[in-house]
Amino acid sequence: ETPHRLRDLTVAVALEGDFTAAHTDGDNANVVATDTMKNTVYALAAEHLTGSIEAYAAVVARHFLAESQVDRAIVNVREHAWHPIDVAGAPAPDAFVRSGEGTRVATVAAARNEVTVEAGVEDLVVMKTTRSAFAGFPRDRFTTLAETDDRLMATKLTAIWRYGPADLDFDATYADVRRTLLERFADHDSPSVQTSIWIMGQAILERHEEVDEVRMVLPNLHHWTVDLSAFGIANDKLVYVATTEPHGLIEATVRRSPG
């Protein structure tokens, strides 16, 4: 049947509970074999992977809570996006290209009386070619970085947000929060990466009441202007060299005030 739909997931399952005897006494009576966990993920995908990855993760987590020794099940799902290849202006029914616009992530942690749902995106590569600065930082004899009021800022962003309610249209909500994240990244003047995290996190909490907390990690993907003076060539923000190491890793959490 065409057009086909392609889902590409990486799933991790962790179980917490009464497993002490396996460690101290060599008694495996309460151990859920990783083979069982693997096959459960496959079987439940065949039956239940029809909607959001959050809903699928919740089904897997609740399945393992049926075992009396399991107190908590944590299921993490990463969805790697594929899109139909465009052929003469129309999507191919059975051929796909892997997207590079980050990886969607969801984690469901389920206990018998509580379910926590987190969602987000990993490895979302974004860049501001202006309206980014970094100045006013302390200097000592080991500081070589020049201050700047106009730099190129690039990062491979990870943003994970925690939902308050667990009953949502997860696909639509993910798309909306991701849109807010990108729009706010694009439309603000950034005095630092630290401030950018605050601005983006604050916007998500203001626009999306279903989100209680946002954690963001922004590694600096440095782009330095190349010194071409030895060749008699002026380089006024025209040619850059990208470096991956060493780099700064800026991380922060923005959450709602209690009450």
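In which loop does Pro 246 lie? Select Pro 246 in this predicted model: the residue lies in the loop between strand E10 (240-243) and E11. The bond that joins Glu 245 to Pro 246 is a cis peptide bond, with omega of about -10°.

Most residues other than glycine have a negative phi, and most peptide bonds are trans. With that background, two further residues deserve a visit.

Select Lys 237, which lies in the loop between strand E9 (222-225) and E10. The phi of Lys 237 is near 55°, a positive value in a residue other than glycine. Lys 237 has a relative accessible area of 45% and is therefore partly exposed.

Now select Asp 123, which is found in strand E6. Asp 123 is not a glycine, yet it has a positive phi of about 55°. With a relative accessible area of 40%, Asp 123 is partly exposed.

**The sheet**

Strands of a sheet pair through backbone hydrogen bonds, either parallel or antiparallel. Display the seven strands that form an open sheet in the order E1-E2-E5-E6-E7-E8-E11; their pairing is antiparallel. Strand E1 (9-17) and strand E11 (249-255) stand at the edges and have a single partner strand each, so one side of each is left without a neighbour in the sheet. On average, with direction ignored, neighbouring strands of this sheet are turned by 15° against each other.

Next, select strand E7 (residues 153-163). Is strand E7 mostly covered or mostly uncovered? It is mostly covered, since nine of its eleven residues are buried. Strand E6 (residues 114-128) pairs with E7 in the antiparallel sense over nine bridges. To see two of the residue pairs, select Val 126, whose bridge partner in E7 is Thr 155, and then Val 121, whose bridge partner in E7 is Ala 159. E7 also pairs with strand E8 (residues 211-219), again in the antiparallel sense, over six bridges. Here, select Tyr 163, which stands opposite Val 211 in E8.

**Helices H2 and H3**

Two packed helices are described by the angle between their axes and the distance between the axes. Select helix H2 (residues 34-48) and helix H3 (residues 53-64): their axes come within 10 Å and cross at roughly 130°. That angle makes H2 oblique to H3. The crossing of H2 and H3 is right-handed.

Show the side chains where the two helices meet. From H2, the residues are Met 37, Thr 40, Val 41, Leu 44, Ala 45 and His 48; from H3, they are Tyr 56, Val 59, Val 60, His 63 and Phe 64. By class, this contact of H2 with H3 has eight nonpolar residues, three polar ones and no charged ones.

**Helices H4 and H5**

Turn to helix H4 and helix H5 (residues 193-207), which pack at an angle of about 140° with their axes 9 Å apart. H4 and H5 are therefore oblique to each other. H4 passes H5 in a right-handed crossing. H4 contributes Val 177, Thr 180, Leu 181, Glu 183, Arg 184 and Phe 185 to the contact, while H5 contributes Ile 199, Met 200, Ala 203, Ile 204 and Arg 207. By class, the contact of H4 with H5 has seven nonpolar, one polar and three charged residues.

Finish at Thr 180, which lies in helix H4 (residues 170-187). Is Thr 180 buried or exposed? Thr 180 counts as buried because its relative accessibility is 4%, and the cut-off for buried is under 20%. Leaving aside neighbours within four places in sequence, Thr 180 is in contact with Ala 203, Ile 204, Arg 207 and His 208.

How values were computed:
Residues are numbered from 1 along each chain as its sequence is written. This is a predicted model: local features need pLDDT of at least 70, side-chain atom pairs count only at pLDDT 80 or more; totals for chains, interfaces and linings use all residues. Side-chain values use heavy atoms; hydrogens and water are left out. Buried means under 20% relative accessible area, exposed over 50%, partly exposed in between (1.4 Å probe, protein chains only). Helices (H or I, at least four residues) and strands (E, at least two) are DSSP runs, numbered from the N terminus. Two strands pair if DSSP finds at least two bridges between them. Axes are lines fitted to C-alpha atoms, for helices over the stretch in contact, and angles run from 0 to 180 degrees between N-to-C directions. Angles under 35 degrees count as roughly parallel, over 145 as roughly antiparallel, 65 to 115 as roughly perpendicular and the rest as oblique. A crossing is left-handed if the near helix is turned anticlockwise from the far one by less than a right angle, and right-handed if clockwise. Contact means heavy atoms within 4.5 Å. Ala, Val, Leu, Ile, Met, Phe, Trp, Tyr, Cys and Pro count as nonpolar, Asp, Glu, Lys and Arg as charged, and the others, Gly among them, as polar.
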